[in-house]
Amino acid sequence: MPPEACPSASPLSSGDTAYSLLTRRWIPVREGEARTQVGLLELFEHAHELTDIEVWPPPAAAGLWRVLTVIAARVTELDDMSCDSDEWKERQATVLAKGHFDPEAVKDYFARHPNRFDLFNPHRPWLQDPRLREECKTSSGVNKLVMFRAAGNNQVWFDHSTTVKLCRIPADEAVFHLLTQLYYGPSGQCTPRTAGTVSGGNSKAGPLRRTASFHPVGSNVFESLVASVPPVHHYDTGGVDLAPWEADELPDVAKVAPRPSGVAGVLTGRFQHAVLLERSDDGESVVDAWITWAWRDKEFPAKDPYLIYQQSKEGNEYPRQADASRALWRDFDALLLEDTGDNHARRPMVLAAVEDLRGILLPILRVRAFGFDQDGQTRDKEWTTGITPALLALVEEDGVPYAISMMREAAERLERQLRYVLREAWVAINDPSNGYGKTQRKDISEGPWPVSGSFRYWSRAERIFWKRVQSRSFDGAVDEFLRLALDVYDEVTDSTGALPRAKRAIELKRGLIFKARTPKKR
C-alpha cells in the first residue's frame with residue numbers, strides 16, 4: 001500500500017488562532033472513571049473536579065506537569081519570591097483550604113498573554129521559535145519530532161515508519177512530542193541553524209534527559225498542582241523568572257542563556273532545543289518540523305525540584321538517572337530521607353516541602369514517577385512510569401524511613417549476590433577444564449541465569465517490601481529476602497538435570513548466597 005501523501009502546509013495569517021491550547025480539547029483527563037479531553041482554561045477552572053491527567057508518552061507528562069505547575073503558581077501567587085519560608089507555607093495552606101483555583105485569576109492570567117497559547121501562531125507559536133523557518137536551510141522532518149520513530153541514521157525503536165512521506169501527526173499529539181523534545185531531546189548533531197553571526201549544527205541535551213522525576217499526586221488535579229509548586233524562595237537567583245510564553249520578545253540566541261530564577265525560570269527556562277511545527281492546510285495536523293539548537297553559549301545549572309540528587313565519589317551532586325530495570329519502590333526511601341545510601345541521595349525538593357502539609361494533604365499524597373532511560377545522545381531505550389501508595393506520611397514516624405531504607409538495601413544486596421552466585425554456578429558447569437583451571441573464567445559467558453534470576457527476584461521482592469511497609473513490620477525482612485533468593489536460585493538451576501558435576505556445582509555455590517545476609521563493613 002503506498003504511503004499516505006503529506007498534506008500541504010501553509011503559514012497562518014496574522015491573528016489566526018486555529019489551534020488555541022486554551023480552548024481546544026487536547027489534554028486527556030479523568031473524572032472518576034470517566035475520561036475526556038480539556039483545554040488549559042477548562043482544566044484550571046475545573047481542576048478540583050478532575051481526578052487526574054493521563055498523558056502519553058510519560059516523558060511528555062513530566063513536561064506538561066512542569067508547565068501546568070508554573071501556571072498554577074502564577075494564578076495562586078505561590079510564585080512570590082519575596083515571601084520567606086513561613087509566609088510561603090501559610091499561603092500554600094490557604095490556597096489548599098480554598099479547594100479550587102480562583103476562576104477570575106485563571107482568566108486574568110491567560111488574558112495577559114493573548115495568542116501566546118496558539119500552537120500555530122505565526123509570530124509566537126507556543127513553546128516554539130518561528131525564526132527557524134528562515135534560520136535553517138532545511139527542516140528536520142516530522143519523524144524527527146517523534147522520538148521513537150526512525151529518522152536519519154538513528155535506531156528503530158517502537159515505530160518502523162521511515163522518512164518516506166508518512167508525515168501527518170494530529171495536532172493534539174504533536175503538542176506532547178513538542179514537550180518531549182524540549183525536555184528530553186538529545187545532545188549532538190542537529191539541523192544546522194544560523195542566527196545572525198552565530199551558527200552551529202549541534203545542540204546540548206534537554207534539561208531532563210536520562211532522568212526520572214517524581215511528582216506529588218493528590219485526590220484531584222487541583223491538589224496535585226498546588227502540592228507540585230516548589231518553595232520558590234529556594235530559586236531566587238536574581239535571574240529571569242519568565243516562561244517562554246510570558247516573555248515580550250523572543251530570546252537573543254547570540255547571547256548567553258539567561259540565568260533561571262523562580263518557578264518559571266527553573267521549570268520552563270532551561271530548554272536547549274528550539275522547535276517549530278508546520279501545520280497542515282486544515283490546521284488539524286503537523287506535517288513538518290524544525291528541531292535545532294537554542295543556545296550556543298554555556299548554560300546556567302539549576303536544581304530541578306522533582307529529581308533525586310546524589311553524590312559522585314568526588315562529592316559532586318548530579319540527578320539520579322532513569323533505569324528501566326529499576327522499579328519505583330527501590331527509590332521509595334530516597335523520597336523520604338535527605339541522605340540515603342552510599343551515594344547520599346537527597347529527596348526531591350518538592351517532596352521535602354510537602355512534609356509541611358501534615359494534617360492537610362500529606363496523609364493522602366502519593367508520588368508518581370516518570371522516567372526516560374536514555375544515553376546522552378541518540379539512544380532512547382525505554383520510558384517508565386509508576387505510582388506509590390499514599391505513604392508519604394511515614395516521614396513523620398520515628399525510625400520508619402530509616403528502617404525502610406535498610407530493608408531496601410538488604411533486598412538489593414541479596415539480589416546482587418544472587419546474580420553473582422548464578423553466574424558462578426553457570427561458569428562452573430560450563431568450564432571445559434572441569435574446574436582444573438585450564439580455562440580462563442573470562443572466556444565463559446555468564447549465561448542466562450543471572451538475568452532470569454533477577455527478573456524472578458524483583459517482582460516478588462516488591463510484594464514483600466510493600467507488605468512490610470504497610471504493616472510497619474521490618475524485623476526479619478532480611479531473612480525473608482534471603483529465603484526468596486534461595487528459592488529463585490533453586491528455580492533457575494532446576495533445569496540442569498541429574499549430572500553429578502552439575503548438581504555438585506549448584507550445591508557448592510548455593511551456600512554463597514548466605515554471605516549477603518549481613519552488610520559488609522564500610
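Q: pLDDT is the predictor's confidence in each residue, from 0 to 100; what is the mean pLDDT of the protein chain?
A: This is a predicted model, in which local features need pLDDT of at least 70 and side-chain atom pairs count only at pLDDT 80 or more, while totals for chains, interfaces and linings use all residues. Residues are numbered from 1 along each chain as its sequence is written, and side-chain values use heavy atoms, with hydrogens and water left out. In the protein chain, 90% of residues reach 70 or more, and the mean pLDDT is 89.

Q: How many contacts beyond four places in sequence does the model have for residues 7-17?
A: A contact means heavy atoms within 4.5 Å. Residues 1-5, where pLDDT stays under 50, have seven contacts beyond four places in sequence. Where pLDDT is low, the predicted coordinates should not be read in detail. For residues 7-17 pLDDT also stays under 50, and the number of such contacts is 26.

Q: Are α11 and α14 roughly parallel or roughly antiparallel?
A: Helices (H or I, at least four residues) and strands (E, at least two) are DSSP runs, numbered from the N terminus; axes are lines fitted to C-alpha atoms, for helices over the stretch in contact, with angles from 0 to 180 degrees between N-to-C directions. Helix α11 (residues 400-429) packs on helix α14 (residues 500-510) at about 155 degrees, the axes being 9 Å apart. Angles under 35 degrees count as roughly parallel, over 145 as roughly antiparallel, 65 to 115 as roughly perpendicular and the rest as oblique. The angle therefore makes α11 and α14 roughly antiparallel.

Q: How many charged residues does the contact of α11 with α14 have?
A: On the α11 side are Val-421, Glu-424, Ala-425, Ala-428 and Ile-429, and on the α14 side Arg-501, Ala-502, Ala-505, Ile-506, Lys-509 and Arg-510. Ala, Val, Leu, Ile, Met, Phe, Trp, Tyr, Cys and Pro count as nonpolar, Asp, Glu, Lys and Arg as charged, and the others, Gly among them, as polar. The contact has seven nonpolar residues and no polar ones, and its charged residues number four.

Q: Are α11 and α13 roughly parallel or roughly perpendicular?
A: The axes of α11 and α13 lie 9 Å apart at an angle of about 25 degrees. Residues in the contact include Leu-414 and Leu-418 of α11 with Phe-481 and Leu-482 of α13. The contact divides into 16 nonpolar residues, one polar and one charged. By their angle, α11 and α13 are therefore roughly parallel.

Q: At roughly what angle do the axes of α2 and α8 cross?
A: Trp-65, Leu-68, Thr-69 and Ala-72 of α2 meet Ser-224, Leu-225 and Ser-228 of α8. These residues divide into four nonpolar, three polar and no charged. The two helices are therefore roughly perpendicular to each other. Their axes come within 9 Å, and the crossing angle is roughly 85 degrees.

Q: Which residue forms a salt bridge with Glu-397?
A: A salt bridge is a side-chain nitrogen of Lys or Arg within 4 Å of a carboxyl oxygen of Asp or Glu, and the count comes to 35. In one of them, the closest N and O atoms are 3.0 Å apart. Glu-397 lies in the loop between β13 (380-387) and α11 and its partner in the loop between α12 (449-471) and α13 (477-493), so the pair ties together parts 75 residues apart in sequence. The partner of Glu-397 is Arg-472.

Q: Which residue does a cis peptide bond join to Trp-56?
A: Omega of this bond is about 0 degrees. The residue lies in the loop between β3 (52-53) and α2 (58-76). Trp-56 is joined to Pro-57.
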